[in-house]
Amino acid sequence: MLPGVVLMSAKSALWPYGSTAPLREDILKVLGVLKVATAEQIQEFTRPHLTYRHPASSNRGSRTAAHRNAALDLAHHGLVVSEGRSRAGTKLYGLTPSGLEAAARALERPLAEMGSIARGAASHGAAHALDVNAAALGLLQPRPTQSAYDRLSPADQAVVDNRPHGVGSLEAMSTEVGLPVTGTDAEPGYGSVQADLVVSADEHHQLPLMFVEVDRSTMTPERVVAKIRRYQQYLERRDKQGRLWWRSRWHLPEDQQPAVALVLSGRSESSVLNRAAVVMNLVDNLKPPFPVIGTTLTRLHERGPWGQTWWNAARGGSPQPLDQALS
């Protein structure tokens, strides 16, 4: 809840659209992590029981009305702005600088770790940003709380029961994370790489930190592999004491190292699968000293991280669950 704000659900001069504090916090947390999102994505992350509802019982507009009103109330206070519309015509939301500060408090993160706001991200429909959001949803596979689940109809409960299980949490994710090949963590230098999504899943001790690279069909396989080379430069960089640079930022056991996960998207699944085969082969030829796994955005959404979802670039073969692909 915003500091100094009294919880109110009825329409008032303070909250003219009648939103509640928990719904406003949903907006701040999701936009604090993802930078730009639709109301439906915000709802999927925070109150998925509304999104999972049986199609006959609701429609998208009525399902997302509460979160859209919460966004309007935050905009009334100068914390949220409209970032335009997606290519499909769906309204996009982002944070103002003041909103980023409020999101840092909601997420309990230092402001220095929040990155920048998304101004301009939606100038061309935010296609890449929305794919990153979709990849985060595919990894997390959000589930409703038990109390929310118990209130669903049997048909809606069946939808939830059939959904794959996920990994990590929204609070354990970050987007647009600079990984300096030169320079500092706060100010990466020339040639550095920016991870689209960083996922940490402390509850799954066998899994390393994952840098997720989300690439659309507009990026050639050669450019994807060039990014893997920059990841390799970053992960091999050492400080003046000879310690690996990344270990001062992320504290993994000495026998673990990060992995890079490629999530590829495009207009047709067949073309994405063909491109994935080329990318995985090129990465294998590069032979990076850390695991590189890959999947398609559609497969990640449908099968989740624990399904037969991932290829390992060094091994090839049939898709495997996340832990097997990384082993």
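Reply: The largest pocket holds about 950 Å³ of space. A pocket here is an open set of points on a 1 Å grid over the protein atoms alone where a 1.4 Å probe fits, with protein on both sides within 12 Å along at least five of seven lines; lining residues have an atom within 4 Å of a point. Points are joined across faces, edges and corners, and the volume is the space filled by probe spheres set on them. The model is predicted: local features need pLDDT of at least 70 and side-chain atom pairs count only at pLDDT 80 or more, while totals for chains, interfaces and linings use all residues. Residues are numbered from 1 along each chain as its sequence is written, and side-chain values use heavy atoms, with hydrogens and water left out.

The lining of the largest pocket consists of 35 residues, and those nearest its centre are Glu-113, Ser-174, Val-177, Arg-249 and Trp-250. By class, 15 lining residues are nonpolar, twelve are polar and eight are charged. In this division Ala, Val, Leu, Ile, Met, Phe, Trp, Tyr, Cys and Pro are nonpolar, Asp, Glu, Lys and Arg are charged, and the others, Gly among them, are polar. Strands β4 (173-179) and β5 (193-199) each contribute at least two residues to this lining, and β4 gives the most, with six. Strands (E, at least two residues) and helices (H or I, at least four) are DSSP runs numbered from the N terminus.

From these two strands the view widens to a sheet. It is an open sheet of six strands in the order β4-β5-β6-β7-β8-β9, with mixed pairing. β4 and β9 (311-312) are its edge strands; each has a single partner strand, so one side of each has no neighbour in the sheet. Strands count as paired if DSSP finds at least two bridges between them. The pairing of β4 with β5 is antiparallel and runs over six bridges, and Met-173 has Val-199 of β5 as its bridge partner. Helix α11 (residues 269-286) packs on the sheet and touches β6 (210-215), β7 (259-264), β8 (292-296) and β9, its direction making about 150° with that of β7. Axes are lines fitted to C-alpha atoms, for helices over the stretch in contact, and angles run from 0 to 180 degrees between N-to-C directions; contact means heavy atoms within 4.5 Å.

β5 also pairs with β6 in the antiparallel sense, over three bridges; there Leu-197 has Val-212 of β6 as its bridge partner. β5 is mostly covered, with six of its seven residues buried. Buried means under 20% relative accessible area, with a 1.4 Å probe and protein chains only.

Ala-135 belongs to helix α7 and is buried, with a relative accessible area of 0%. Leaving aside residues up to four places away in sequence, Ala-135 touches Val-214, Val-263, Leu-297 and Leu-300.

Two or more residues of the lining come from each of α2 (39-46), α7 (127-140) and α12 (297-303). The largest share, five residues, is that of α7. Six residues of this lining are nonpolar, six polar and seven charged.

As for α2, seven of its eight residues are buried, so this helix is largely enclosed by the rest of the structure. The buried residues are Ala-39, Glu-40, Gln-41, Ile-42, Gln-43, Glu-44 and Phe-45.

The whole protein provides the setting for these details. It contains 13 helices and nine strands, and 51% of its 327 residues are buried. Of the contacts between residues at least 6 apart in sequence, 61% join residues at least 24 apart.

Key. Buried < 20%, exposed > 50% of the residue type's maximum accessible area, 1.4 Å probe, protein only.
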